[in-house]
Amino acid sequence: MEGKAFFIDTTLCTGCRGCQIACKQWNQLPATKTENWGSFQNPKDLSFYTYKLVRFSEDIGDDGKPVWYFFPDQCRHCVDPPCKEIPEDPNAIIVDQLTGAVLYTDKLRKVNSEDVRDACPYNIPRAQPGTGYMAKCTMCVDRVHNGLLPACVKTCPSGAMNFGDRDKMVSLANKRLAEVKGKFPKATLSGIEDTRVFYLLADEPARYHEYAQATIIPGGIDRKTALKRIARPLKELSREWQLLHKLAS
């Protein structure tokens with residue numbers, strides 16, 4: 001499978017949020033007004049102006065001691081992106097040929113943003129309040145096309161963020177998994193089969209984030225997308241029936 005990919009090793013992540021800040025700076029995104037909501041995680045969630053967010057989850061480990069789980073959340077740039085199934089215009093969401101990055105265009109403004117968000121098994125896309133425009137991580141394609149690393153990867157001081165040819169990232173991820181299994185017997189790789197952003201998790205995915213791992217149903221389609229694909233034809237049939245009824249009357 002060609003193209004690029006991120007490999008994020010959460011066993012090396014310190015929660016410094018350098019990647020989060022670098023993303024803001026490179027994409028010239030405005031600061032997000034926040035408040036104390038009882039967590040070190042800030043802001044509280046992704047938004048139209050926040051493409052990357054280091055999620056903080058505090059839990060009790062098997063030894064009875066507190067443990068932190070850091071999860072740098074971002075668009076996974078799916079190999080077969082479910083969100084691309086939603087717009088009728090094939091150019092509303094495009095896939096960059098060089099990198100495989102899934103990119104949103106201004107044409108998405110005409111699409112119900114909730115439909116696009118519901119189609120994403122990782123709950124990533126966000127709309128700008130009042131306009132309908134949508135935004136998310138772009139894989140820093142402008143940097144990558146010029147031989148540079150994505151801003152978040154360039155900034156990471158611990159080696160948790162890695163980027164390169166997808167086959168090389170898969171090999172690195174499998175190698176790291178084998179290396180940490182002794183210390184973290186529950187360690188697993190999330191997203192390595194069908195995305196371009198995959199994670200090495202030291203523990204069960206649910207301990208990191210609700211959407212750290214997608215829920216997949218037979219056929220390789222996530223549950224939300226399956227429902228959406230069923231719902232759209234039904235909506236179209238409903239509109240056609242209403243039109244026929246109007247003409248008949």
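Modeller: The lining of the largest pocket divides into nine nonpolar, three polar and six charged residues. This is a predicted model, where local features need pLDDT of at least 70 and side-chain atom pairs pLDDT 80 or more, while totals for chains, interfaces and linings use all residues. Residues are numbered from 1 along each chain as its sequence is written, and side-chain values use heavy atoms, leaving out hydrogens and water.

Biologist: What makes a residue nonpolar, polar or charged here?

Modeller: Ala, Val, Leu, Ile, Met, Phe, Trp, Tyr, Cys and Pro count as nonpolar, Asp, Glu, Lys and Arg as charged, and the others, Gly among them, as polar. Among the residues nearest the pocket's centre are Val67 and Asp203, so Val67 counts as nonpolar and Asp203 as charged.

Biologist: Why is the contact between Asp59 and Arg207 called a salt bridge?

Modeller: The rule asks for a side-chain nitrogen of Lys or Arg within 4 Å of a carboxyl oxygen of Asp or Glu. For Asp59 and Arg207 the N to O distance is 3.8 Å, so the pair qualifies. Asp59 lies in strand 2 and Arg207 in the loop between strand 10 and strand 11, so the pair ties together parts 148 residues apart in sequence.

Biologist: How do you know whether Arg207 is buried, partly exposed or exposed?

Modeller: Buried means under 20% relative accessible area, exposed over 50%, and partly exposed in between (1.4 Å probe, protein chains only). Arg207 has 21%, so Arg207 counts as partly exposed. Asp59, at 29%, is partly exposed too.

Conventions: On a 1 Å grid over the protein atoms alone, a cavity is a set of points where a 1.4 Å probe fits but cannot get out, and a pocket is an open set with protein on both sides within 12 Å along at least five of seven lines; lining residues have an atom within 4 Å of a point. Helices (H or I, at least four residues) and strands (E, at least two) are DSSP runs, numbered from the N terminus.
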